[in-house]
Amino acid sequence: MDNAVVEVKNIWKSYEIKRWGFKKQSFYALMDVSLAVFKGETVGVLGESGCGKTTLGKIILDLEKPDKGDVLWFGKDIKRLSKKEYRKFRAKIQAVFQDPYFSLNPRYKVADILLEPYFINIEKNKRRGLEKAEEVLSLVGLRKEVLNKYPHALSGGERQRVALARALMVSPSLIVLDEPTSALDTTLAGQILELLKDFKLKFHLSYLLISHSLPVIIYLSDWIVVMYLGRIVEVCKKDIFFKSVHHPYTLMLLNASPDPFSPKNLFSKKVRGEVASALFRPSGCEFHPRCEEREKFCSEKIPQLRKINDFHYISCFKR
Ligand SMILES: Nc1ncnc2c1ncn2[C@@H]1O[C@H](COP(=O)(O)OP(=O)(O)O)[C@@H](O)[C@H]1O
Ligand SMILES: [Mg+2]
């Protein structure tokens with residue numbers, strides 16, 4: 001099989017925080033996280049706020065260094081890339097974040113926002129750069145008049161389209177989408193998701209999609225990776241997602257989600273319990289304090305991700 005576009009292997013990441021009145025404390029935001037994104041595939045990372053999704057995205061983008069573990073780009077450890085290879089890696093991996101207002105430079109006009117990655121990564125030719133800019137703007141459904149506008153003159157949905165256009169300027173191999181629609185209302189979010197799906201099929205793009213929203217993850221992903229408190233608790237191919245047994249945490253998210261695709265009898269329950277904190281990590285299976293199915297041993301031993309079949313992995317003693 002070909003190399004994955006990107007693969008992370010056994011990533012551990014800790015942070016230190018200082019809380020008022022307490023000594024410095026370190027905690028793990030990611031524990032032993034491994035996953036791979038293949039060409040043309042979307043891997044959706046699902047989990048509640050604070051479970052480590054953004055940290056994982058930043059490590060893949062090489063904006064944060066892991067304590068332990070490797071990031072492989074087409075099979076090669078990014079720590080071992082030559083300068084030239086590293087530049088290519090930085091060009092071919094792009095990101096779209098939740099709030100484009102913060103990720104688009106407010107002092108740049110859209111033309112400059114789009115030309116910047118092109119000049120750095122492709123060539124310093126303004127005429128061809130602008131041609132490409134017009135082409136990607138039309139792909140994201142914007143008219144070329146926006147080239148002369150500043151981000152603040154655009155609506156939220158238009159800004160997110162510009163962020164997407166910027167990512168497309170360099171024909172990326174992978175786009176990390178971190179909550180790409182969370183700041184938008186439902187209609188605009190739907191339009192952005194449709195565009196993303198379109199591009200995925202048209203350009204055979206790979207996405208790492210990060211979201212706390214199950215419907216968003218379901219809509220776009222080929223693989224669904226569920227995280228809880230910095231660990232992967234389930235990996236499931238989307239095609240079998242609604243026909244399979246699940247980790248109790250995934251089941252809880254499914255029950256709480258108003259997802260039109262999910263069977264109706266799953267709607268009844270709500271999310272239970274507090275989101276646990278990585279600072280006060282429960283013993284054993286970290287989900288056990290919120291789990292309806294817990295047994296005594298669930299608080300004593302840490303479950304490992306276990307293969308159910310080629311398309312499904314769960315870390316739970318009860319599955
Ligand atoms: N730079 C940082 N310093 C300290 N703690 C951080 C830092 N970045 C993230 N965290 C903490 O790490 C955990 C995971 O955060 P994050 O990756 O942003 O989660 P998510 O994107 O799933 O909401 C959270 O507890 C968060 O507060
Ligand atoms: Mg986040």
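What follows walks through the fold, the sheet, the helices and the ligand shell.

First, the housekeeping. This is a predicted model, in which local features need pLDDT of at least 70 and side-chain atom pairs count only at pLDDT 80 or more, while totals for chains, interfaces and linings use all residues. Residues are numbered from 1 along each chain as its sequence is written, and chains are lettered from A and ligands numbered from 1 in the order in which they are written.

**Overall fold.** The protein has nine helices and 12 strands (DSSP runs numbered from the N terminus: H or I of at least four residues for helices, E of at least two for strands). Its C-alpha atoms fill a box of roughly 70 × 50 × 45 Å along the principal axes.

Eight strands make an open sheet with mixed pairing, in the order β6-β7-β8-β3-β9-β10-β12-β11 (strands pair if DSSP finds at least two bridges between them). At the edges sit β6 and β11, each pairing on one side only. Neighbours are turned by 20° against each other on average, direction ignored (axes are lines fitted to C-alpha atoms, for helices over the stretch in contact, and angles run from 0 to 180 degrees between N-to-C directions). β3 and β9 run parallel, paired over four bridges, and G44 stands opposite I224 in β9.

| β6 | 93-96 |
| β11 | 306-309 |

**Helices.** Elsewhere, α4 (residues 110-121) packs on α5 (residues 126-139) at about 120°, with axes 10 Å apart. Contacting residues include L114 and F119 of α4 and L130 and V136 of α5 (C-beta atoms, placed from the backbone, within 7 Å).

**Ligand 1.** Which residues are around ligand 1? They are Y15, I17, A29, G47, S49, G50, C51, G52, K53, T54, T55 and A278 (C-beta atom, placed from the backbone, within 6 Å). β1 (6-17) and α1 (53-60) each supply at least two of the shell residues, and α1 gives the largest share, three residues.

Notes
Two residues are in contact if their C-beta atoms, placed from the backbone, lie within 7 Å.
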